[in-house]
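Please open the model in a viewer and keep the selection panel at hand.

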Amino acid sequence: MTSENGLTHFDSRGQAHMVDVAAKSITHRCATAQGVIRMHPSTFRIIASGSAKKGDVIGIARIAAIMASKKTSELVPLCHPLPLTHVAVDFDLHEKESAVVCRATCETDGKTGVEMEALTAVEIGLLTIYDMCKAIDRGMVLSDIRLLDKNGGKSGHWQSADPAPKLAAG
């Protein structure tokens, strides 16, 4: 059931509901999301060197992102719980911009997509970096959080026309 404006999480009366996926086919589904956290150069150097007082910032952020992807349905009210078959989280450090890019890919064999799981992983990965470094840099900025790619299901493949923020390599 879909509302008059095409939103699937509202019924014809405008009431919020969880989408019924019972009639959908089980297919392999994959989604990749990405986001950026920008910071002061001294904060970036601490993260890159692994010398933060709280430990390995990137390693802990990776674990947090993976854990978050598995809890997405507990955080997003109308999201279906999904049995994830694979989650990969990568961080690219961009020294010139004092920025860290987080990219998460989630996969499942199911009746609904994993876009929300990938986006949740990115958000929590970046928030973990913020949390671990806020004592030295409260001005960090999270941005450019978006879906890059999704595949599977009735709608098939979708890819962002502008897949990445413009950052220098390495």
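Select K134 and D131: they form a salt bridge, with the closest N and O atoms 2.4 Å apart. A salt bridge here is a side-chain nitrogen of Lys or Arg within 4 Å of a carboxyl oxygen of Asp or Glu. K134 is partly exposed at 27% relative accessible area, and D131 is partly exposed at 38% (buried means under 20%, exposed over 50%, partly exposed in between, with a 1.4 Å probe and protein chains only).

The model is predicted: local features need pLDDT of at least 70, side-chain atom pairs count only at pLDDT 80 or more, and totals for chains, interfaces and linings use all residues. Residues are numbered from 1 along each chain as its sequence is written, and side-chain values use heavy atoms, with hydrogens and water left out.

The structure holds 5 salt bridges. Next, select D144 and R38, whose closest N and O atoms are 3.4 Å apart in a salt bridge. D144 lies in strand β4 (residues 141–151) and R38 in strand β1 (residues 27–38), so this pair ties together parts that are 106 residues apart in sequence. Strands are DSSP runs (E, at least two residues), numbered from the N terminus.

Move on to K71 and E74, a salt bridge with its closest N and O atoms 3.8 Å apart. K71 is partly exposed at 42%, whereas E74 is exposed at 60%.

Note on methods:
Helices (H or I, at least four residues) and strands (E, at least two) are DSSP runs, numbered from the N terminus.
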